Amino acid sequence: MDKEAAARRPLFRMFNEVPERYDIMNRILTLKQDERWRKKAAKLCLEEDPQSVLDICTGTADLALRIAKMTKSKIRIIASDFSQPMLDVAAQKAQKLDGQQVEFVLADTADLPFGENTLDVITIGFAFRNLTYKNKFASQYLSEIHRTLKPGGIFIIAESSQPKNPVLRFGFRLYLKIWVQWLGGLLSGHSKAYRYLAVSARNYYSPGEVRKLLEEHAYVDFRHNSLLGGSAAIYTVRKPESRSSECRVLSAEC
Ligand SMILES: C[S@@+](CC[C@H](N)C(=O)[O-])C[C@H]1O[C@@H](n2cnc3c(N)ncnc32)[C@H](O)[C@@H]1O
């Protein structure tokens, strides 16, 4: 990984500071719902019967480890992140795995160390917002994910979302302000990080906006599973099977 380039990416410093209490904070702030959501994403991943899976922005690897625990097949599971402290916690957790192993790779999502068309599935748990919300590198990340996926390969995104119902949306915003920003900051000792989480989740894209963003980057077959009244979602999209369908998607002359 080009360490200087990675250090210039938004949020690099912030994520290097939070790994110690990252898991416990997730459990407290979502009342353990995050585990259910990752399980759902892992199930979607395994339904593809993949030979290779990459979990990008893996953090402490909860999603990659969940996939590893849920499969009996021999799959290549790789987990990447640009934060070494996060990967250190992840590797420690992975020691408890029995059988299926996970490979950890220090990598910036803008520059993944994998060839073109090599991965069956790419997953991301609660970090798509980090890559795309007010992030000037968003297009670079989306193109790099697209490049490394096999034609027909699937990209699975678990992320916070926006409830459609105004009452639920009001409740969700209150939860973000009080529970996530205030309590999260207090318990973790990292008020800036939990303020960022609350503010970015509050202002993050609706499912329609996520769809538009992905389709603009040549992904197709958008699907959306709404979770907990729309406060979170699992999105799936695919890389087109052939170059000609990709050209049609982008209306480009290829
Ligand atoms: C909110 S955490 C999500 C962690 C994990 N996926 C989960 O389900 O809890 C975001 C993670 O994305 C990583 N990250 C953010 N931007 C990145 C980038 N450009 N390249 C690689 N990792 C990145 C951070 O280091 C952090 O570990």
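**Around the ligand, then over to a pocket**

Start by selecting Asp108: one of its polar side-chain atoms sits 3.2 Å from a nitrogen atom of the ligand, which counts as a polar contact (a pair of N or O atoms within 3.5 Å). Before you click on, note that this is a predicted model, where local features need pLDDT of at least 70, side-chain atom pairs count only at pLDDT 80 or more, and totals for chains, interfaces and linings use all residues. Residues are numbered from 1 along each chain as its sequence is written, and side-chain values use heavy atoms, with hydrogens and water left out.

Next, pick Cys57, which has a backbone N or O atom 2.8 Å from a ligand nitrogen. Then try Gly125, where a polar backbone atom is 2.8 Å from a nitrogen of the ligand. Now show the ligand's surface: the protein covers 97% of the 590 Å² of accessible area that the ligand has on its own (Shrake-Rupley method, 1.4 Å probe). Color helix H3 (19–30) and helix H7 (128–132), the elements that give two or more residues to the shell; helices here are DSSP runs of H or I, at least four residues long.

For the whole shell, select the 20 residues around the ligand, those with a heavy atom within 4 Å of it. Tyr22, Arg38, Cys57, Asp81 and Gly125 come nearest.

Last stop: the second largest pocket, about 310 Å³ in volume. Pockets are open sets of points on a 1 Å grid where a 1.4 Å probe fits, with protein on both sides within 12 Å along at least five of seven lines; lining residues have an atom within 4 Å of a point. Select H10 (191–203) and H2 (12–17), which each supply at least two lining residues. H10 gives the largest share, 7 residues.

Terms used: A polar contact is a pair of N or O atoms within 3.5 Å; within protein, one must be able to donate a hydrogen and the other to accept it, and residues adjacent in sequence count only if both atoms are side-chain atoms. Grid points are joined across faces, edges and corners, and a volume is the space filled by probe spheres set on the points.
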